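Please work through the exercises below with the sequence and the structure open beside you. Try each task on your own before you read its solution.

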Amino acid sequence: MALIVGNASAAHAPPPDLIYLAPGARMMVANKMILKDGWIPDPAKITRTYPMTGVRKQIHDRGVTAIEDCASEFSTCTFKYRRHNACLHVFAKGESLRQMKISAWDKDCEPES
């Protein structure tokens, strides 16, 4: 799977309702806040059927089920959530979930379900 990282949101401060998505914020903390804010994990259907391996499997096994894809050559992962008819992609960089920090986010996606 190709990993596409949008940068439209990285150049702008997040709106007040998504302040926890500031670039450099820890992904583990942001994931908890995203879920608390009513977003639910919504990885692509193809991602849910694709065998989990490597970092993606480690992240999923740690309970972050919004993991959609990881590009090992860049240590970048994509997380996808939905809330009502809205969709949220979060992009994070780091060698492990503990080290991952948000690099960008966007709402330029469609909810899966």
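**Exercise 1. A residue after a helix**

Solution. Begin with two notes on how to read the model. Residues are numbered from 1 along each chain as its sequence is written, and side-chain values use heavy atoms, with hydrogens and water left out. This is a predicted model, in which local features need pLDDT of at least 70 and side-chain atom pairs count only at pLDDT 80 or more, while totals for chains, interfaces and linings use all residues.

**Exercise 2. Confidence and layout**

Find how confident the predictor is in the chain, and then describe the order of its elements.

Solution. First take pLDDT, which is the predictor's confidence in each residue, from 0 to 100. The average over the chain is 83, and 85% of the residues score at least 70. Residues 1-11, however, stay under 50, and for them the model has 20 contacts beyond four places in sequence, where contact means heavy atoms within 4.5 Å. Next, list the elements: the chain has three helices and five strands, and from the N terminus on they run α-β-α-α-β-β-β-β. Finally, look at how the chain folds back on itself: of its contacts with a separation of 6 or more, 51% are between residues 24 or more positions apart.

**Exercise 3. The faces of helix H1**

Which residues of H1 are buried, and why do they line one face of the helix?

Solution. Start with the cut-offs: buried means under 20% relative accessible area, exposed over 50%, and partly exposed in between (1.4 Å probe, protein chains only). In H1, the buried residues are Met 27, Ala 30, Asn 31 and Ile 34. Viewed down the axis of H1, these residues fall within an arc of 105°, so they line one face of the helix; the arc is that of the directions from the helix axis to the C-beta atoms. An α-helix has 3.6 residues a turn, so residues three or four places apart point the same way. The buried residues of H1 pack against S3, S4 and S5, whereas Lys 32 and Lys 36 are exposed on the other side of the helix.

**Exercise 4. The nonpolar core**

Which residues of the largest nonpolar core touch the most other members?

Solution. A nonpolar core is a set of buried Ala, Val, Leu, Ile, Met, Phe, Trp, Tyr and Cys residues joined through side-chain atoms within 4.5 Å. The largest one holds 22 residues, of which Leu 21, Met 27, Ile 59, Phe 79, Tyr 81 and Val 90 touch the most other members. Helix H1 (27-36), strand S2 (67-71), strand S3 (76-83), S4 and S5 each supply at least two residues of this core. Now follow Ile 59, which, beyond four places in sequence, touches several residues, including Cys 70, Cys 77, Phe 79 and Leu 97. Leu 97 in turn lies in the loop between S4 and S5, and is buried at a relative accessible area of 6%. Among the contacts of Leu 97 beyond its neighbours within four places in sequence are Met 27, Met 28 and Val 64.

**Exercise 5. Two disulfides**

Which cysteines are joined, and what is the handedness of each disulfide?

Solution. A disulfide is a covalent bond between the sulfur atoms of two cysteines; here it is counted when a pair of cysteine sulfur atoms lies within 2.5 Å. The structure holds two. One joins Cys 70 to Cys 77, S to S 2.1 Å, and both of these cysteines are buried. The torsion about the S-S bond of Cys 70 and Cys 77 is about 105°, so this disulfide is right-handed. The other joins Cys 87 to Cys 109, S to S 2.0 Å, and its torsion is about -105°, so it is left-handed. This pair links distant parts of the chain, with Cys 87 in strand S4 (residues 86-93) and Cys 109 in the segment after strand S5 (101-106), 22 residues apart. Cys 87 is buried at 3% relative accessible area, and Cys 109 is buried at 16%.

Note on methods: Helices (H or I, at least four residues) and strands (E, at least two) are DSSP runs, numbered from the N terminus.
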